[in-house]
Amino acid sequence: MTGLEDRKNQRKTTMPFSVKLNRQWLGPVIALLLIIIGNGIISPGFFTIRIVDGHLYGSLVDIVHRGASTVLVAVGMAIVIGTRGIDLSVGSIIAICGAVTAVLIRDTSLSPFVILLIALAAGIVCGLWNGMLVAYLDIQPIIATLILMVAGRGIAQMITGGQIVTFHGPFFEAIGSGYLLGIPWRVIIAAVLIAGLWAVMRKTALGLFVESVGGNARASRLAGIDARGIKVLAYVISGLCSAMAGVIIAADIRGADANNAGLWLELDAILAVVIGGAALMGGRFYLGLTVIGVLIIQALTTGILLSGLPSQYTLIVKAAVVMVVLLVQAPKARDMILRAMQRKKS
Amino acid sequence: MAAMTQSTSAILSVRGVGKVFPGVKALQNVDFDLVPGEIHALLGENGAGKSTLIKVITGVHPRDAGRVIFNGTDIHPQHPGEAQNMGISTVYQEVNLVPTLSVAENLMLERQNLKWGFINWKPTIAAARDALATLGLDIDVERPLGSYSVAIQQLVAIARAVALDARVLILDEPTASLDAEEIKSLFQIMRDLRGRGMGIIFVTHFLDQVYAVTDRITVLRNGQRVGTFVTADLARIDLIGHMLGRELAEVSSHRHHDERGFTGKGNQIQIKNLGRKRMLHPVSLELSGGEIVGLAGLLGSGRTELAELIFGAQKADSGLVFINGEPVMLRSPQHAIRSGFALCPEDRKQDGIVAELSVRENIILALQGRRGWLRPIPGAEQQKIADDMIRALGIATPDREKPVGQLSGGNQQKVILARWLVAKPLFLILDEPTRGIDVGAHADIIKLIKELCDEGLALLVASSELEEIVAFADRVVVMRDREKVSELVGAEITQSRIIEAIAR
Amino acid sequence: MINERYYPLLATLAVCALLYGYGIYEHRAFSDTYVLGNLLTDNAFLIVTAIGMTFVILSGGIDLSVGSMIAFVGVLMAELVGGFGLHPLAAVVIAMIVGTGFGGFMGYLINKFDIQPFIITLAGMFFLRGMCFVINLDSVPISHSFVSDFGSFRIPLPGRGWLSASALVMLAAVIVGIVIAHYTRFGRNVYAIGGDRQSAELLGIPVGRTTVQVYALSGLFSSLAGVVFAFYTASAYPLAAVGVELDAIAAVVIGGTLLTGGMGFVIGTFFGGIIMGVIQTLISFDGSLNSWWTKIMIGALLFGFIVLQRLITRSFSGLRAGAG
């Protein structure tokens, strides 16, 4: 009966906001720590962080470094999922924005900063398109964003002319692989953007509005919240985040690959949000936990590489992780486990 | 008076059935008998236990106590499909058929004519046509069900029940969305079915219909059976007495119309020719602060529509609203809220609560919406507002962080009320504020309505319960067929006057 | 008045006729049966996959694992034929049993734990793709006389064209799909569940069992598609058919099936697949258009059909309206 009693006790004790949040954090954080410790056991050099040429090096840094683009996409996705939506087009937006960046660098003499702004604007336009379909045409999100998912890669290929467009330039090379005070620029960019997003969501009432629209859009509208506007905004944010990720990915390889840039990233992003404990049915989103989710995925990937298994096993491990997380989250599964435990005890 | 004499020949008997939901005893020791060839009305206020009883009979909810005996044997259906196979069919107010399938398929699902294991469409469709013909319905059965009106969909649902050789047919508020002609033909069909020996349970809000078509009446109140009566022997006034019981009588002091009428003080709200094609004929109405205007009328008379037009939830295509002589924009709820309007909607689950959010977040939602996203209410203030409201309205919740979806219906209603009180409106519209609420909360909410009025709020309260309106309204606007038909003031406000106005 | 259920199908047929007509008008070679034969052969595995997807979408779900399934079946068969020396037909039977079983298992999870199909089949997609790599990392040929016979089998058509074995299998699959969808109770129950799950339950339809069967059926069709693909290419490659799930969904939608479920036709999916093939062929015929136009045009068609569906469902009085 312990499980049941635990649950009852949870309900009885009045829980202040912060404590409740901590409980949410417990699972994902422990999972991350376990994976990192596991990696350490497999590969003794895992925890070493060296400084070479004033840059941080090491497996742990690597995890953060590689996760930077995914985490951007994932937090955008978390907000969209918070409104009871989903954005399948993030991979295509990455390809489009990477293509815009590469072609502008190659064909114009605009300042890199302006090019960055144009690329981000392209992402916002993509988000607006998705948002309009979802909010104003009432098309289900999975379907609405499928359109851009399919057409987006074509648009990206059209922009690049079907080739991989390569470029050079100190500004974008810095974004892709530069360091500031030993920390990779891309990590700094991601951290700043996510911190900004967090502040906008949690220090204003926007986060509440997003969650309320995700929980019940009709009721939110009747409570005086512009439900459609909030939905559009969520997709715009997702578009913006993906655009930034697209620029980072393009800058990393110093080129735009319309076919492969950001391929399957939407799946990693959704996975991260789910691992972060958000229900796909909307109503709640957790930016911090989403970041942890991305780190878990990245640490797992790194761990598989270190263990000497072929990297392709990552896919199976990811599948297993999704399944476990889903089953733990599913209310039906929880009830079943509780009932089974009850039967055992009695 | 009680007519239990035929119980031995009953096709369906309910004995001592009980059902408890968290916090509410929905049914207690209820007995009920249905004999073949009768139309039996199941009546009661909202929340009396009618729909729970039906759900227990049809297996939607498992019962906690008692027996259900059908055709002489105890039954325990696990879901409505099983009850249907036994011969108990139910037609719900929201038609439970598949709108994307054709009419024929809806009628013949799982019963299609098979030839070597494959569906033989010709006889299947012919059988569907025949099933409808028995109800005198001649429509193209190959078109999708969803392309027909709700009335026809309902008849199709009944035809399905009949075609399934149902011995017992349960009609759960089938007339809510039908017009007078459609109701007439529905009654004819019900009488035909009765003639063929079917037992029909008829749930409705409309007493006229009860007297028009039923043979016996069982009244439920507060989860208990008040009694079973022969319709012809029961005077309407007695029936109402049975339905309302004492609880409500206690709160219905008539002080409002004695002490005050339309005072003309406080904020003046003027509604001029507000209407929308095919939804509401233009309505004009005036209210002032400290006044309660009741909005009476049957379901579908245009009450909810008027409330939604005033609030901007639906766009009006004619008319204007003025506050103290100033015209107000009515483009969206947002605009209405900014002008100091508030609406507690009829459908709490769909239009009211955000189930996943906490009590606190639900309470501050409208206030925060009014302030905009850039000016968040500080956390400490949010907690104080929520705690104050939980105390003031007596919301039964362990703490303010509990998700609203886990509270009982009455408490959810109070949370929504709290949401609007916090937003400090000058004009509050309550659409069926006591629907589906247990008696305790019911009295609380009526008391609250009166207090709000005393504080100078202008209130427009739509309700299908005349007794309730008579109890608190200073003036009553009567709606019928999407039109304002009468306005009663002071001593004119009696149930019979309202009924007269509706019936006229 | 035409039954509104046929509107999307009519739109599909109109688009197909328009595109084909344009092809014939612009390029004389287009009218040759050679083009038709190639269309049927080249898109055979896609259409077979899309038929299974049609059932899933009709039931209101989605199956993202089909692309990986195609690759997995290929790799598995290559291993069975090459590694264990089984006859290809035996390998086909085993592969299709595994595919059907895996689909059914996903359906079981979806039904039992009430988790969105989208995420379960996403996990299935990862898992199957991973299993491909576990079995085999490289592209391997499937060499057996049966496979080469399959590849060279042809029924000549009038003109220069022919029907390949792939095309025949696909056409047979279309017919089987139509029969299941329109002439079995299971098929009609799928429509009912997709139209309104709650009502279907109240009407006494075995919703749980049907859901499991739908995903098993999708597994069956996608593994058959894997067989066709493997025989067609006479090889197995773990990275084969990446993104086919999207093409299959697109074919279903362009074929006029309501993405929310409950309305649509298997024959529509066939034409949807053909439309996608025609677009590709048109673009390869036209030197001035580039390959990316395929994706953009398919995206535009998706948009058009989704908006059309929206308009039809909005006019329905019984459908529960969305927010706003």
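Of the 346 residues in chain A, 54% are buried. The model is predicted. The predictor assigns the complex an ipTM of 0.82 and a pTM of 0.82.

**Chain A: overall fold**
- Chain A holds 15 helices and 6 strands.
- The radius of gyration of chain A is 21 Å, close to the 20 Å from the globule rule for 346 residues, so chain A is as compact as a globular protein of that length.
- The C-alpha trace of chain A spans about 75 × 55 × 35 Å along its principal axes.
- Among contacts in chain A with a separation of 6 or more, 78% join residues 24 or more positions apart.

**Where chain B touches chain C**
- The contact involves 27 residues of chain B and 24 residues of chain C.
- On the chain B side, the elements giving two or more residues are α2 (80–86), β8 (118–119) and α5 (150–163).
- The most comes from α2(B), with 4 residues.
- By class, the chain B side has 12 nonpolar, 11 polar and 4 charged residues.

**Helix α16 of chain B**
- Helix α16 of chain B covers residues 409–422, which is 14 residues.
- From first C-alpha to last, α16(B) reaches 20 Å, close to the 20 Å expected at 1.5 Å a residue.
- The helix is mostly covered, with 14 of its 14 residues buried.
- B:K424 follows α16(B) and has a positive phi, near 45 degrees.

**Positive phi in loops**
- A:D138 is not a glycine, yet its phi is positive, about 55 degrees.
- A:D138 sits in the loop between α5 (112–135) and α6 (141–160) of chain A.
- A:D138 counts as partly exposed because it has 16 C-beta neighbours inside 10 Å, while a buried residue needs 20 or more and an exposed one has 12 or fewer.
- B:E110, also a residue other than glycine, has a positive phi near 65 degrees.
- B:E110 lies in the loop between α3 (103–108) and β7 (114–115) of chain B.
- With 16 C-beta neighbours inside 10 Å, B:E110 counts as partly exposed.

**Confidence in chain C**
- Chain C has an average pLDDT of 87, and 96% of its residues score at least 70.
- Across residues 317–324 of chain C, pLDDT stays under 50.
- For residues 317–324 of chain C, the model has 20 contacts beyond four places in sequence.

Note on methods
Residues are numbered from 1 along each chain as its sequence is written. Chains are lettered from A and ligands numbered from 1 in the order in which they are written. This is a predicted model: local features need pLDDT of at least 70, side-chain atom pairs count only at pLDDT 80 or more; totals for chains, interfaces and linings use all residues. pLDDT is the predictor's confidence in each residue, from 0 to 100. Two residues are in contact if their C-beta atoms, placed from the backbone, lie within 7 Å. Ala, Val, Leu, Ile, Met, Phe, Trp, Tyr, Cys and Pro count as nonpolar, Asp, Glu, Lys and Arg as charged, and the others, Gly among them, as polar. The expected span of a helix is 1.5 Å times one less than its number of residues. The radius of gyration is taken over C-alpha atoms; the globule rule is 2.2 Å times the number of residues to the power 0.38.
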